[in-house]
Amino acid sequence: MSQAKKRLAVLTGGGDCPGLNAVIRAVVKTALNNGYEIFGIENGFNGLVTGRMGLMDYKDVSGILPRGGTILGTTNRDNPFKFAVEENGELVYYDKRAEVLANLEKHGIEALVVIGGDGSLNIAARLAKECGIKVVGVPKTIDNDLPCTERTFGFATEALDRIHTTAESHHRVMALEVMGRYAGWIALHSGIAGGADVILIPEIPYSINSVIGKIRARQAAGKQFSIIVVAEGARPVGGETSIARMVKGSFEPIRLGGAGEKLVREIEEKTGIESRCTVLGYLQRGGTPTPFDRVLSTRYGVAAAEACMRKEYNVMVSLQNDKIVTEPIEKVASEPRLVPVDSDIIRTGRQMGLCFGD
């Protein structure tokens, strides 16, 4: 290939989710269709530091649209500004921005497309501000909590359909704990789509008495089971968020978990009703992207490549009023986008008789 051609690069950072491959495919095809060469960087920022990257062609993205995960690989641990290296059995951290600059210069890469959540896009913003690297961000998180965009891709879940049959057969209370960190978007959307009876989200601290009241009301109406969707960041009024563990060196050192199990134990103790919790966990990240996610991911990928080609750098592509626009990438460093407690979707849930624990 001609060295005279302009070159772009693309990487995926943070956790995987359905739709990543659709973004990669769109970025690659748009670049190639406009006479650019494009590098795929392996395993997120790790590949950017270690130089693991190679030119991509049409054949590399053929057939990947319906595939979950990311063909480039990803990691949520590697940060070029605090890069972990094991020495004598212990982790030592180094600033590797010089290696990043050298690798991009070595391959003549003009701009970098970073597909990621708040951690990855904050690193991208630092690379732009502190190193002068030209970046374009694509918002990606199953939590749907990034500011400046109405929707990310790959954040829905379908597990409630299967929980229903077990709950009804055994006359149980079944709780499904879902991801989302400190935002309740996953719980809210999956709960409404799956016909939950109670949805507990971080934005609305819950009262156990309110939850039990809903369960008792269903029993009085002849419904001997209840379905509860619990966001991992949900917490009782006056209580603390449940923390599963701490992960040193990660973009997200605090890992939430345990909210669902805590809830069902309390329900069982107070009511005597057999109650069980299922933690959906990483099942939410896998699988085939929905048609909506494929379209949105493709739109994001095309828009990111187009931003590079018109030299509009240090921005994040964003969905606003069903249009793809750009926003300064440093805005991602602001507070996460939480569920407004007076939003239309909360009102919809209440009108359908859902209990939010308040």
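Modeller: The word buried stands for under 20% relative accessible area, exposed for over 50%, and partly exposed for what lies in between, with a 1.4 Å probe and protein chains only. Please keep in mind that this is a predicted model, in which local features need pLDDT of at least 70 and side-chain atom pairs count only at pLDDT 80 or more, while totals for chains, interfaces and linings use all residues. Residues are numbered from 1 along each chain as its sequence is written, and side-chain values use heavy atoms, with hydrogens and water left out.

Colleague: With which residue does Arg299 form a salt bridge?

Modeller: The general idea is that side chains of opposite charge can pair when their charged atoms come close. A salt bridge is counted when a side-chain nitrogen of Lys or Arg is within 4 Å of a carboxyl oxygen of Asp or Glu. The partner of Arg299 is Asp322, and their closest N and O atoms are 3.5 Å apart. Arg299 belongs to helix α9 (residues 291-309) and Asp322 to the loop between β14 and β15, so the pair ties together parts that are 23 residues apart in sequence.

Colleague: How are the names of helices and strands assigned, and how many of each are in the chain?

Modeller: They are DSSP runs numbered from the N terminus: helices are H or I with at least four residues, and strands are E with at least two. The chain has 10 helices and 15 strands.

Colleague: How many salt bridges does the structure hold?

Modeller: There are 15 salt bridges in the structure. One of them joins Arg218 to Asp197, with the closest N and O atoms 3.0 Å apart. Arg218 sits in helix α7 (residues 208-220) and Asp197 in the loop between α6 (185-193) and β9 (198-200), so this pair ties together parts that are 21 residues apart in sequence. Arg218 and Asp197 are both buried.

Colleague: Are Arg276 and Glu268, which also form a salt bridge, buried or exposed, or in between?

Modeller: Arg276 is partly exposed at 35% relative accessibility, and Glu268 is partly exposed with a relative accessible area of 32%. The closest N and O atoms of this pair are 3.5 Å apart. Salt bridges may also form a network, as with Asp95, Arg97, Arg126 and Glu130.

Colleague: In what order do the strands of the open sheet lie?

Modeller: Two strands pair if DSSP finds at least two bridges between them. The open sheet of 7 strands has the order β3-β2-β1-β6-β7-β14-β15, and its pairing is mixed. Its edge strands, which pair on one side only, are β3 (53-55) and β15. On average, neighbouring strands of this sheet are turned by 25° against each other, direction ignored; axes are lines fitted to C-alpha atoms, for helices over the stretch in contact, and angles run from 0 to 180 degrees between N-to-C directions.

Colleague: In which sense do β14 and β15 pair?

Modeller: Their pairing is antiparallel, over 6 bridges. In β15, Lys323 is the bridge partner of Gln320.

**The chain as a whole**

Colleague: What share of the chain is buried?

Modeller: Of the 358 residues in the chain, 53% are buried. Among the contacts (heavy atoms within 4.5 Å) with a separation of 6 or more, 73% are between residues 24 or more positions apart.
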